[in-house]
Amino acid sequence: MQAVARRLGQQSLKPTSSLHSIYPLSHYDYGADHPRYGSTLVTNKGVGHLVRKGTGGRSSVSGIVATVFGATGFLGRYVVQQLAKMGSQVLVPFRGSEDSPRHLKLMGDLGQIVPMKYNPRDENTIKAAMAKANVVINLIGKEYETRNYSFEDVNHSMAEQLATIAKEHGGIMRFIQISCLGASPSSPSTMRKTKAAGEEAVLRVIPEATIMRPAVMVGTEDRLLNTWARFAKKYSFLPLIGDGSTKIQPVFVADVAAAVVAALKDDGTSMGKIYELGGPEVFTVHELAEIMYDVIREWPRYVKIPFPVAKAMAMPREILLNKVPFPLPAPDIFHLDNINTFTSDTVVSDNALTFEDLGIESRKLKGYSIEYLISYRKGGPQFGSTISERVSPDDWP
Ligand SMILES: NC(=O)c1ccc[n+]([C@@H]2O[C@H](COP(=O)([O-])OP(=O)(O)OC[C@H]3O[C@@H](n4cnc5c(N)ncnc54)[C@H](OP(=O)(O)O)[C@@H]3O)[C@@H](O)[C@H]2O)c1
């Protein structure tokens, strides 16, 4: 033990060398001068020593100045909200219209949320967006390819580019990369393969980066249950790709945002680690669809579509994507890469670090997490639309 303490003491004299004062001896022995530990992240202790002021609320100063790439998306709004709520300044690079980050401005005190126009293909604009930051969070990701951006561009190259610029910056204390559950070079899904390549690239450039792999996320703006509910309402049935027996572990989006913030607030324990963030329950696709039907109060009707047929239905977009001189609509239910992800179960692996290791209890799906689905009920939330439900004036609140 004394030998370990002596080594850790030596380590603390070299604050820029690595995060491995928190690692067990075996990792230390791996070699502090190994290129894997060669990042320029300025801390090996999280962001804990930043100057803080106030009681920890929205008008306090958390000391965190975070550039959140991909903040305009689904998860982004929850991450920005939770960062702003504790008095952080959030720099929001956006590429669309001035309106795309507008909803985020209200989440923090005046001047705390700073939208910054950037071009993901212009390195200088990325550097400008990071210039004043001490934390970088990368939420950029895409589930389908477009004419302009392939999976490789969005999920791998961009992640690598952001990590490289963050490393050159020299003042970034934490880098958090959002990947996805099931990311693996051997996945049948190209999106997951490129996410795995993105993880690998980020860790190669910044070994202290924290990787989060959320399962499919649910919440008011989600693209899973909302898509199913819309489809079921429009066509009176839901296609069950395969036989619906694939297992998934949906997670509430705000819990994933809480995990990001918890990792930032820790003493550096989460640096260099990979977390798998799944909800507390595992469902088959069919079970999840039943819950969706239950909440929207429609009779469950399914059409089972075998994988080869579903793939054939999704194929025309893939073939035409780069062949026609105009953009194609975004895929919805019949989306080839998504169909590929449903060919195998996607659940948190046995020995993975999870919400628990970040001190978070993830919320169950039924109840608050999917309450937004009541907006799909015919006649409004108080009315039933199935013949099993009687509606009378007494039902009015
Ligand atoms: N949603 C899920 O169920 C789920 C599950 C597991 C993992 N994830 C991962 O979690 C992260 C956040 O997911 P999300 O659902 O919030 O995604 P999202 O709603 O699609 O938002 C993605 C964000 O990335 C940006 N982005 C996409 N393509 C880009 C490009 N070519 N250049 C620059 N920015 C680009 C978008 O910017 P614009 O607004 O300008 O398009 C948006 O801000 C992603 O990495 C995703 O892969 C999501």
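**Close-up views of a predicted model**

**View 1. Helix H8 passes helix H10 in a right-handed crossing.** Right-handed here means that the near helix is turned clockwise from the far one by less than a right angle. Helices (H or I, at least four residues) and strands (E, at least two) are DSSP runs, numbered from the N terminus. This is a predicted model, where local features need pLDDT of at least 70 and side-chain atom pairs count only at pLDDT 80 or more, while totals for chains, interfaces and linings use all residues. Residues are numbered from 1 along each chain as its sequence is written. H8 (residues 225–235) and H10 (residues 285–296) pack at about 65 degrees, with their axes 10 Å apart. Axes are lines fitted to C-alpha atoms, for helices over the stretch in contact, and angles run from 0 to 180 degrees between N-to-C directions.

**View 2. Here is where H8 meets H10.** Leu 225, Trp 228, Ala 229 and Ala 232 in H8 meet Ala 289, Met 292, Tyr 293 and Ile 296 in H10 (contact: C-beta atoms, placed from the backbone, within 7 Å).

**View 3. Seven strands make an open, parallel sheet.** Their order is E3-E2-E1-E4-E5-E6-E11, where strands pair if DSSP finds at least two bridges between them. At the edges sit E3 (113–117) and E11 (274–277), each pairing on one side only. From one strand to the next, the twist averages 20 degrees.

**View 4. Zoom in on E2 and E3, which run parallel.** Five bridges join E2 (residues 89–94) to E3. Leu 91 stands opposite Val 114 in E3.

Technical notes. Contact = placed C-beta atoms within 7 Å.
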